[in-house]
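This briefing covers a few local features of one model. Please have the sequence and the structure open while reading.

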Amino acid sequence: MSLVKDYQYSPKKRQDTFLLNLFYYLCSVENEIITIMTVETIKKRLLDHQIRPSKPRVAILKFLMENPIHPNVDTIYKALAPEISSLSKTTVYNTVDLFSERGVVQRITIDDKNANYDADTSVHPHFLCQACGAIYDMPEVQNASAVLPSAAPHHLVDIQIYYRGICAKCRDDKKAYS
């Protein structure tokens, strides 16, 4: 399974990620209980973070939850603009900024050129393939805050753990070495 940074809606890539996207669309796992991912579930998540669930906001969060590919604003805009004719890039920027500030999504700044977004807000590392640009979730770090030196008198608001290298697919395809 290949998750790509700049997701394009093409038939081949749809086939490659169909089952993963279907799983994220149909359910989300919360406390070992599977709940159906509906517009109402998405609206509730927004309201839980004191965000009014407008049509563009619901669509953007739905896209992020259904496509765990760590998209940037351009990718989100290109995917949703055909569905929402009134959507602008400014709306997408403002929305993901609001989501990030309120803790609905995680802003990932592993790439020096783009901010990417992740609907999974748990503390977990990310891996950037320097050959293909894909961003992957890595296994959760146990007690991430415990490995940090004492933060006192500081107040931690965010922990980001990044790895860079060559992903298994590129390593196997030898893209990284050509």
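In strand β6 (residues 135-137), D137 is the bridge partner of H126. In strand β7 (residues 162-165), the bridge partner of H126 is Y162. The model is predicted: local features need pLDDT of at least 70 and side-chain atom pairs count only at pLDDT 80 or more, while totals for chains, interfaces and linings use all residues. Residues are numbered from 1 along each chain as its sequence is written, and side-chain values use heavy atoms, with hydrogens and water left out.

**Strand β5 and its partners**

- Helices (H or I, at least four residues) and strands (E, at least two) are DSSP runs, numbered from the N terminus.
- Strand β5 (residues 126-129) pairs with β6 in the antiparallel sense, over three bridges; two strands pair if DSSP finds at least two bridges between them.
- With β7, β5 pairs in the parallel sense, over four bridges.
- The hairpin of β5 and β6 has five residues between the strands, and G133 there takes a positive phi near 85°.
- In a regular strand the side chains alternate between the two faces of the sheet.
- Both faces of β5 are covered: H126 and L128 are buried on one side, F127 and C129 on the other.
- Buried means under 20% relative accessible area, exposed means over 50%, and partly exposed lies in between (1.4 Å probe, protein chains only).

**Helix α2**

- Which residues of helix α2 (residues 39-48) are buried? They are I42, R45 and L46.
- These residues are on the same side of α2 because they cover an arc of only 100° around the axis; the arc is that of the directions from the helix axis to the C-beta atoms.
- An α-helix has 3.6 residues a turn, so residues three or four places apart point the same way.
- The buried residues of α2 pack against α3 (55-66) and α5 (89-102), where contact means heavy atoms within 4.5 Å.
- On the other side of α2, E40, K44 and L47 are exposed.

- Q50 is not a glycine, yet its phi is positive, about 55°.
- Q50 follows α2 and is found in the loop between α2 and α3.
- Is Q50 buried or exposed? At 62% relative accessibility, Q50 counts as exposed.
- H70 is not a glycine either, and has a positive phi of about 55°.
- H70 lies in the loop between α3 and α4 (73-80).
- H70 is buried, with a relative accessible area of 1%.
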